Amino acid sequence: MAHAGTVGPEATVEEMRRSEGGRLASTQALTDEAIIWASLHGLLVGLGDKERPYALTHAPISVVPVPFPRDSFEKARAAMQVFNKLIDRVSRDGEYLQHTLQPAAEFDDFTAKLLDVYRATREVRKARQQDELVLAINRSDYMLDEPSSTLLQVELNTIASSFGCLSTLVSRMHRHILERSAQPGVDLGRLPQNHATEEIADAIGAAVQEYGDADAVVLFVVQPNERNSYDQQWLQQAIWERHRVRTLRCTLAEIAERGSLDASGQLRVDDSVVAVAYFRAGYSPNDYPTEVEWKAREMLESSRAAQCPSVAYQLAGAKKVQQDLAGRGVVERFVDGPEEAALIRACFAGLWSLDDLEDAATREVLARAEASPEDFVLKPQREGGGNNLYGPQILERLSQRRGLAAYILMQRIRPPINRSTLVREGKVIEVDTLSELGIYGTFVRRGDRVILNREAGHLVRTKAATSDEGGVAAGFAVLDSPYLT
Ligand code: ADP
Ligand code: MG
Ligand code: MG
């Protein structure tokens, strides 16, 4: 496969290194510059050392941006508002959600638990339907598929869509590195502006304003010992600076202890009224070690505060729903007209249900997956990286026929390979890589009134081409930004 070069043909890191004229002559010098910039500007992650909770390091990063086709980038941006609308409407269709997710829930306890909370809070939801306050911070992820030359959606995240703030900083860092290295042929106009921090903070600010209590706070629902807390801290700062709204950080266990609901559904933590509960936890079964955490989730869900996301939104972001929407005529039920549907459908990879193993189409795709597992990814209903099955793992799981309804089968996307210099905790590697583009989307609604629906910035994650999974927090990938070609 062809190597596309790191920042376009004129300016690979290798060429910058050889360049006489550039102010930064070596890969090492560029890397030093990137790490120092990151440290000086808060592009940081925790070390995850329980003894020293403030021990930190620069975020895992690519030293220079990665080439990415402009038309694909623009296509992904153009689809975001329609995706926001689609997911919102899916989240409002309780019948559809339950019907689509029930087969998975029969074999997956976590999906079953989320559906339980959804059903247990049905009455409150109905009573508030007219004035429910909704805040969504979505991120639709894509990879280029080289064989078909199309941009295909990997997944759409409705919960804990992270890295908006660090990604904004990576875009600024790459601009600095390219500008400072003064390499002839580098066009800074090819680095797209990225305002994810501001956009996400403003969506949260709009939801707080709509809640209508000047003293109310935003509750960040977090994991204990979060390594990616600086991405969150940046957002807390931006919410304060741009909207003068205070934020609190609590785990689900702390919310169970310190939270309360009054008869009107007003949520308090200690003495603070909560306008928005913003989840950076709660997407994994590990976030609910006991019933206490589930009780906290149910309390949040029963409150008048905007949940980002509500359980309905979390369910709407399930892989199973993504697969079902790709089925004939389904997206069309939720969006407005064939143009919107086409915008969305153009992004869909091959997706197959494993609900009914007697179904002829299912049998056919199972046979194909068993013959060439390398062309597929087998996905459970999980978030956060590291959960999908590949190659031999697919064969092993498929061979036990029971419980396959908990999974979806997806076409394996084959992105182009680039050569990148990646840095993690000061260690540098130069490797063949694959990149994944994420587009953020923000959405605020009160009852039937849409207050805000925006495309809200981007993220690129780059990983070694030999790694199947791509999570930055899970340790597989680094943060990157696009150099549009
Ligand atoms: P999660 O919700 O855990 O992030 P994803 O669907 O994003 O789940 O999968 C995790 C990673 O696995 C992705 O970031 C990507 O690197 C890889 N991946 C997922 N789906 C595909 C696919 N269809 N083809 C190739 N790689 C994939
Ligand atoms: Mg996800
Ligand atoms: Mg993902």
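So, R244 counts as exposed, with 10 C-beta neighbours inside 10 Å; exposed means 12 or fewer other C-beta atoms within 10 Å, buried means 20 or more, partly exposed is in between, and the C-beta atoms are placed from the backbone. Keep in mind that this is a predicted model, where local features need pLDDT of at least 70, side-chain atom pairs count only at pLDDT 80 or more, and totals for chains, interfaces and linings use all residues. Residues are numbered from 1 along each chain as its sequence is written, and chains are lettered from A and ligands numbered from 1 in the order in which they are written.

R244 isn't a glycine, yet its phi is positive, about 55 degrees. You'll find R244 in the loop between α9 and β8 (247–250); helices here are DSSP runs of H or I, at least four residues, and strands are runs of E, at least two, numbered from the N terminus.

N225 also has a positive phi without being glycine, near 60 degrees. That one sits in the loop between β7 (217–221) and α9, and N225 is exposed, with 12 other C-beta atoms within 10 Å.

Now α9 itself. Helix α9 (residues 229–243) packs on helix α8 (residues 196–211) at about 60 degrees, axes 9 Å apart; the axes are lines fitted to C-alpha atoms over the stretch in contact, with angles from 0 to 180 degrees between N-to-C directions. Therefore the two, α8 and α9, are oblique to each other, the class left over once under 35 degrees is roughly parallel, over 145 roughly antiparallel and 65 to 115 roughly perpendicular.

Last one: the peptide bond from C308 to P309 is cis, omega near 5 degrees.
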